[in-house]
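Keep the structure open while reading.

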Amino acid sequence: ACSSKFVLSQMHPMWQGPLAVPGGDRQSPIDIVVRKSIFDGELKPLVTSYDPRTCQQIWNNGYSFLVEYDDTTDKSTLKGGPLKDKFRLCQFHFHWGETNAWGSEHTVDRKLFPAELHLVHWNADKYSLFEEAVMEDNGLAVIGVFLKVGKRHEGLQKLVDALPAIRHKDSVVEFNRFDPACLLPTNTDNYWTYHGSLTTPPLTESVTWIIMKQHIEVSHDQLAVFRSLLFTSAEEEVQKSMVNNFRVQQPLRGRAVRSSFI
Ligand SMILES: NS(=O)(=O)c1cccc(F)c1
Ligand SMILES: [Zn+2]
């Protein structure tokens with residue numbers, strides 16, 4: 001599975017600093033200014049093919065919780081959209097706020113969502129490991145899906161039920177047969193795409209972002225369970241609730257945001 005351990009090791013919930021990053025002219029997240037996005041008729045529909053049997057574990061890495069997939073074969077893949085190559089799913093995770101008023105990393109015309117899902121894939125046509133791909137400018141593709149509070153998301157509940165077992169940093173439990181496709185909106189043809197970075201260290205500028213226009217709905221209570229997670233490990237005296245685990249927005253630096261729809 002894609003060990004993003006090295007990625008988050010320097011992670012700290014209050015980390016938002018102006019960490020010096022390579023290049024620094026294609027950082028994420030950003031605000032998507034709809035009227036400035038450019039329709040590109042060449043953008044294809046996304047093609048996802050996820051095998052629930054490749055789901056391996058769910059763990060608390062001290063900044064979010066990750067559901068990790070076996071990415072040693074081409075069983076769970078993403079292609080199409082803005083992508084020329086075939087990408088393998090390695091993990092998905094979320095970012096959320098302490099209240100429903102904020103929590104997403106990307107925004108649309110400054111609109112904040114209570115949470116954002118990231119499905120992380122790496123370019124298996126060009127590289128052989130996530131750790132390699134994460135350093136290359138065409139190495140990763142991350143699908144972003146906004147969450148809104150509304151009706152309960154039945155597919156999410158299995159994941160929510162596993163969270164109490166990974167309350168503390170570095171806790172992990174086996175997690176099988178979860179189909180991440182259930183977390184995608186019904187319409188995946190409408191999206192924005194731009195070239196950016198990881199939103200946590202090492203902040204490498206290796207991500208083709210694919211942000212879904214259509215959100216998914218989860219219930220207030222389901223989100224509340226996300227907030228019951230802790231940044232801190234079991235040994236630490238002061239327990240800190242895992243909330244507001246999003247990065248501050250970054251300058252666009254002249255980048256184009258393309259849309260697959262008019
Ligand atoms: N939040 S994110 O940019 O999707 C991300 C951060 C760190 C590692 C990773 F695989 C994905
Ligand atoms: Zn993320």
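A compact globule of 262 residues would have a radius of gyration near 18 Å, and the chain has 17 Å, so the two agree. The model is a predicted one. Taken along the principal axes, the box filled by the C-alpha atoms is roughly 50 × 40 × 35 Å. Of the 262 residues, 56% count as buried. The accessible surface comes to about 11,200 Å², and carbon and sulfur atoms hold 54% of that area.

In secondary structure, the chain has 4 helices and 15 strands. Among contacts with a separation of 6 or more, 75% are between residues 24 or more positions apart. As for charge, there are 28 positive and 31 negative side chains. The centres of these two sets lie 5 Å apart.

The interior comes next. In soluble globular proteins, nonpolar side chains tend to be buried together. Here the largest nonpolar core has 44 residues. Phe65, Phe92, Phe94, Ile143 and Leu159 are the residues with the most contacts inside this core. The element that gives the most to the core is strand E7, residues 87–96, with 5 residues. Apart from this core lies another, of 24 residues, among them Phe113, Val120, Val134 and Trp209.

Leaving aside neighbours within four places in sequence, phenylalanine 92 is in contact with Phe65, Leu66, Val67 and Tyr69, among others. Its contacts also include Leu117, His118, Leu119 and Leu159, as well as Phe178, Pro180 and Leu183.

Helix H3 can be read from its buried side. Leu156, Gln157, Leu159, Val160 and Ala162 of H3 are buried. Their cover includes strand E4 (55–60), strand E5 (65–69), E7, strand E14 (216–218) and H4.

Which residues does leucine 147 touch, not counting residues up to four places away in sequence? They are Phe94, Phe113, Pro114, Ala115, Glu116, Leu117, Ile216 and Val218. Leucine 147 is in strand E10, residues 140–149. Its relative accessibility is 0%, and it therefore counts as buried.

Phenylalanine 113 is found in the loop between strand E8 (107–108) and strand E9 (115–123). Outside four places in sequence, phenylalanine 113 is in contact with Trp102, Gly103, Ser104, Val108, Phe146, Leu147 and Lys148. Its C-alpha atom is separated by 24 Å from that of proline 82, which is 31 residues away along the chain.

The backbone has several positions to check by torsion angle. Most residues other than glycine have a negative phi, and most peptide bonds are trans. A cis peptide bond joins serine 28 and proline 29, with omega about 0°. Proline 29 lies in the loop between helix H1 (5–9) and strand E1 (31–32). The peptide bond from proline 201 to proline 202 is also cis, and its omega is near 10°. Proline 202 belongs to the loop between strand E12 (191–196) and strand E13 (207–212).

Positive phi values occur at aspartate 170, near 75°, and at arginine 253, near 55°. Aspartate 170 lies in the loop between helix H3 (154–162) and strand E11 (172–174). Arginine 253 is in the loop between helix H4 (220–226) and strand E15 (258–259). Are these two residues buried or exposed? Exposed means over 50% relative accessible area, so aspartate 170 qualifies with 52%. Arginine 253 counts as exposed at 56% relative accessibility.

The loop between H4 and E15 also holds alanine 234. Alanine 234 has a relative accessible area of 48% and is therefore partly exposed. Leaving aside neighbours within four places in sequence, alanine 234 is in contact with His168 and Gln239. Alanine 234 and isoleucine 262 are 28 residues apart in sequence, and their C-alpha atoms are 50 Å apart in space.

How values were computed:
Residues are numbered from 1 along each chain as its sequence is written. Chains are lettered from A and ligands numbered from 1 in the order in which they are written. This is a predicted model: local features need pLDDT of at least 70, side-chain atom pairs count only at pLDDT 80 or more; totals for chains, interfaces and linings use all residues. Side-chain values use heavy atoms; hydrogens and water are left out. A nonpolar core is a set of buried Ala, Val, Leu, Ile, Met, Phe, Trp, Tyr and Cys residues joined through side-chain atoms within 4.5 Å. Buried means under 20% relative accessible area, exposed over 50%, partly exposed in between (1.4 Å probe, protein chains only). Helices (H or I, at least four residues) and strands (E, at least two) are DSSP runs, numbered from the N terminus. Contact means heavy atoms within 4.5 Å. The radius of gyration is taken over C-alpha atoms; the globule rule is 2.2 Å times the number of residues to the power 0.38. Accessible areas come from the Shrake-Rupley method with a 1.4 Å probe; for residues, only the protein chains shown count as cover. Lys and Arg count as positive and Asp and Glu as negative; His and the chain ends are not counted. The place of a charge is taken as NZ of Lys, CZ of Arg, CG of Asp or CD of Glu.
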